[in-house]
Amino acid sequence: MDSIDFNAIKKQAMQMRAAEMSRLEGIAAERLWLVGRLMAGSVKSGLLGLSQALRPLFSWNPRPLNH
C-alpha cells in the first residue's frame with residue numbers, strides 16, 4: 001500500500017484555494033464596476049428628469065407682454 005503524502009496534499013489544496021480566491025476577487029470587482037455604472041446611469045437619468053421638470057420654474061419671465 002502506498003503512503004499518503006499529507007504535506008503535498010495540503011500544499012496543493014492551499015494553492016487551489018489561493019487561485020479560487022483570486023478568481024472570485026476578479027469576479028467581484030467586475031460586478032462592483034457594473035453595479036456602479038448602472039447606478040450612475042440611473043442617477044443621471046433621474047437628474048435629467050428632475051432638470052426637465054424644474055426648467056419651467058426657472059425660465060419664467062415676469063416682463064409684460066407687448067400687445
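User: Why does E25 count as exposed?

Analyst: This is a predicted model, and in it E25 has a relative accessibility of 56%. Exposed means over 50%, so E25 counts as exposed. You'll find E25 in helix α1, which covers residues 6-58.

User: What makes E20 and R23 a salt bridge?

Analyst: Their side chains meet at 2.7 Å, N to O. The cut-off is a side-chain nitrogen of Lys or Arg within 4 Å of a carboxyl oxygen of Asp or Glu, so the E20 and R23 pair qualifies. Searching the whole structure turns up one salt bridge.

User: How do you know that E20 and R23 are about one helical turn apart?

Analyst: They sit three residues apart in helix α1, and therefore about one helical turn separates them. In general, an α-helix has 3.6 residues a turn, so residues three or four places apart point the same way.

User: How do you know that the span of α1 agrees with what it should be?

Analyst: At 1.5 Å a residue, its 53 residues should span 78 Å. The end C-alpha atoms are 76 Å apart, so the two values agree.

User: Where does α1 bend, and which proline follows?

Analyst: The bend is at Q52, by about 30 degrees, and P56 follows within four residues.

Note on methods: Residues numbered from 1 in each chain as written. Predicted model: local features only at pLDDT ≥ 70, side-chain atom pairs only at ≥ 80, totals over all residues. Heavy atoms only, no water. Helix = DSSP H or I, 4+ residues; strand = E, 2+ residues; numbered from the N terminus. Buried < 20%, exposed > 50% of the residue type's maximum accessible area, 1.4 Å probe, protein only. Expected span 1.5 Å × (residues − 1). Bend = angle between axes of the 7 residues up to and from the residue.
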